Amino acid sequence: MSAGAVPPRFVVPDEPLERPARRVGPALRYLLAVLALAVVWNAVFYATGLWRTLWWLWLFGNFVLIVLSAERVGRVVPPRGRKLYERSLAFGFPVLAILAWQFIVDVGILSPLWFPQPIRIAQALWELIVSYDRFSGTSLIGRPWLIPQAIGENGWTGAWALIAEGHVWATLGRVFAGFVLGAIPGILLGIVMGINQTVRLMLDTTLSAIYVLPKIAIFPIVMLMFADPFGEGPKITVVALSVFFLMTINTMAGVRDIDPVFIMAGRNYGARGLQLFRHVIIPAAMPVIFAGLRLALGTALIVIISVEFLRAKQGVGFMTFYYWEVLNPEKMYAGLFVVMALGVVLTLALQWLQRRVMPWDRG
Amino acid sequence: MNASPTPPPARAAQPKIVSRNVTKIYSTVRGPVIAIDDFSLDVAEREFVCIVGPSGCGKSTYLRILAGLDSLTSGQIRIRPGADPGKPLNSVVFQEYAVFPWKTVIENVAFGLQMRGVAERERLEIAQRWLERVGLAKFAGYYPSQISGGMKQRVSIVRALANDPEVLLMDEPLGALDAQTRIVLQDELLRIWEETHKTVVYITHSLDEAILLGDRVIVMSAHPGRLLETFEVDIPRPRNVDTMNTPRFAELRGEIWSLLGREVTRAMEMQG
């Protein structure tokens with residue numbers, strides 16, 4: 001190839017290409033336009049008084065305007081500020097939603113009887129935490145600040161009595177006991193069904209049928225199986241049952257999905273029987289098992305709260321339903337908030353456990 | 001096509017691997033399917049044998065049977081044990097790496113030793129030495145998800161070597177790699193083989209790779225898998241990637257391809 005004979009087909013500029021600067025100008029203009037639109041939108045609703053009747057449309061419009069501006073901001077956020085930007089979206093929106101709720105009830109659009117303001121729910125929650133219900137002998141978290149004094153007077157029994165009066169601990173105890181009692185046998189049976197075709201064929205249909213059965217529907221029967229139908233046994237059992245079936249089905253799917261090349265490699269390098277389980281099958285199924293545990297956690301909470309609605313003298317579900325019956329909506333909402341908080345905390349705990357058990361699975 | 005399954009007399013003396021009339025028939029709903037038909041192959045100690053053939057010629061199945069991971073319908077397979085009865089007869093390097101994602105690089109390499117009950121300290125020492133030989137020492141504590149495909153396959157190869165098997169079985173080990181990484185690893189395989197002189201059965205669909213690495217190239221036919229022809233690769237060792245540029249290499253490639261190319265075309269037509 002002789003380069004000199006053929007004229008170059010592309011003209012290469014002498015100067016190096018200019019690096020495009022991050023241009024904030026267009027973004028700023030866009031944001032100003034959105035802001036103007038927001039002013040117009042809100043002014044129209046305010047002037048006509050429509051914001052009282054069409055409040056949902058008014059709020060939705062503002063929501064769209066926020067999304068539009070956040071989108072545009074997101075495109076010019078430098079990589080360093082990315083985290084902050086994402087955080088402010090993730091936490092800023094719930095805060096805005098709560099403020100909107102507060103406002104709508106404050107101005108009387110929604111009734112505070114059914115939708116008490118967030119600030120009053122927070123007050124009710126605080127009240128629940130610090131107060132003791134003499135009638136049922138319970139408190140929300142067992143008044144931990146009294147523990148030093150109780151130990152001084154009655155030793156550990158005194159401290160235990162305080163913990164035992166807490167709704168949160170009662171619910172957590174049931175969830176935890178039911179979760180462990182259901183998940184471990186469920187995982188074991190799931191592994192067996194994943195490996196052994198005979199067991200799988202025999203049990204699969206039956207398990208699928210029982211799995212979809214709402215466990216709350218068999219609660220009365222479970223109660224009859226126990227000497228003390230109103231004690232902890234039946235409650236823990238229903239949680240365990242719902243976790244068990246879910247974990248069995250999930251684990252089975254996880255084991256069946258293991259890439260056969262891993263099993264072949266394990267066997268070829270001398271893993272037999274239990275070794276094959278420990279080093280190949282269980283770790284390979286671990287991601288699916290944890291996905292199952294996450295689902296099971298949600299199910300366990302749903303079941304225990306429903307059971308406590310039905311029949312309990314203690315527990316977050318009981319408390320929530322109790323304050324609904326006595327028409328104290330602030331405290332009922334506070335109870336719902338506690339359920340959500342439990343869900344978040346337990347999910348975080350499970351994620352922590354997952355990182356410990358599966359250190360290889362990072363991002 | 002007169003296949004000559006009988007190996008030359010020099011090799012027949014003490015073959016490391018003896019496979020006689022190996023036949024594998026799968027029974028399916030639509031009737032029996034012959035995957036391998038009357039396949040005989042002897043491999044001498046310290047010999048590097050490459051098997052090539054069109055997709056679906058049963059070469060991978062043969063390797064799995066050899067590894068004891070699949071059963072044969074009829075015929076005989078034997079790997080002669082060495083002086084040390086504790087040594088494993090074979091270790092496989094799989095095409096899809098099959099490096100365990102839940103074990104670190106060094107744990108993967110030490111896996112075979114661990115399963116054989118070698119003490120932790122000793123097996124980690126052995127694994128570390130092997131990692132050093134392929135330049136992976138500083139990745140010992142990494143998980144496979146943190147390293148590249150080429151590195152994973154290196155791990156997979158030294159996992160087999162650290163296990164110190166009587167024979168090494170490699171099932172298209174470089175098949176999933178990009179062309180450049182492939183060349184680098186071919187060079188590395190040649191270097192390691194010069195140092196260890198293991199008995200190797202190597203499955204590949206790359207004719208160049210087979211000629212570059214092997215002492216012998218076996219060409220198989222598809223549907224059913226039969227031994228078509230054996231070619232001796234008389235290019236002297238040590239070889240390296242430049243060996244591919246020698247006239248003898250080109251000559252051999254042309255000679256084998258005239259047979260293999262026909263076979264590949266036939267296999268494609270049968271599938272179409």
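Me: How is chain A divided?
Reply: Into domain 1, residues 25–106, and domain 2, residues 161–357. Keep in mind that this is a predicted model.

Me: And how far apart are the C-alpha centres of those two domains of chain A?
Reply: They lie 40 Å apart.

Me: OK, what about the contact between the chains? How many residues does each one put in?
Reply: Chain A gives twelve residues and chain B gives 18 residues. On the chain A side, α12 (260–268) and α13 (273–310) each supply at least two residues.

Me: Switching topic: which residues touch the most other members in the largest nonpolar core?
Reply: That core has 127 residues, and the ones touching the most other members are A:Val239, A:Val243, A:Ala300, B:Val109 and B:Val201. As for helices, α13(A) gives the most to this core, with 15 residues.

Me: What does B:Val201 touch?
Reply: Leaving out residues up to four places away in sequence, its contacts include B:Ile17, B:Val43, B:Leu63 and B:Leu169.

Me: Now the open sheet in chain B. What's the strand order?
Reply: The three strands go β2-β1-β4, with antiparallel pairing.

Me: Why is one side of β2 and of β4 left without a neighbour?
Reply: Because β2 (31–44) and β4 (74–79) of chain B stand at the edges of the sheet, each with a single partner strand.

Me: And how many bridges join β1 to β2 in chain B?
Reply: Ten, with β1 covering residues 15–28. For example, B:Val18 has B:Asp42 in β2(B) as its bridge partner.

Note on methods
Residues numbered from 1 in each chain as written. Chains lettered and ligands numbered in written order. Predicted model: local features only at pLDDT ≥ 70, side-chain atom pairs only at ≥ 80, totals over all residues. Domains from an automatic or database assignment. Contact = placed C-beta atoms within 7 Å. Helix = DSSP H or I, 4+ residues; strand = E, 2+ residues; numbered from the N terminus. Core = buried A, V, L, I, M, F, W, Y, C linked by C-beta atoms within 7 Å. Buried ≥ 20, exposed ≤ 12 C-beta atoms within 10 Å, placed from the backbone. Pairing = 2+ DSSP bridges.
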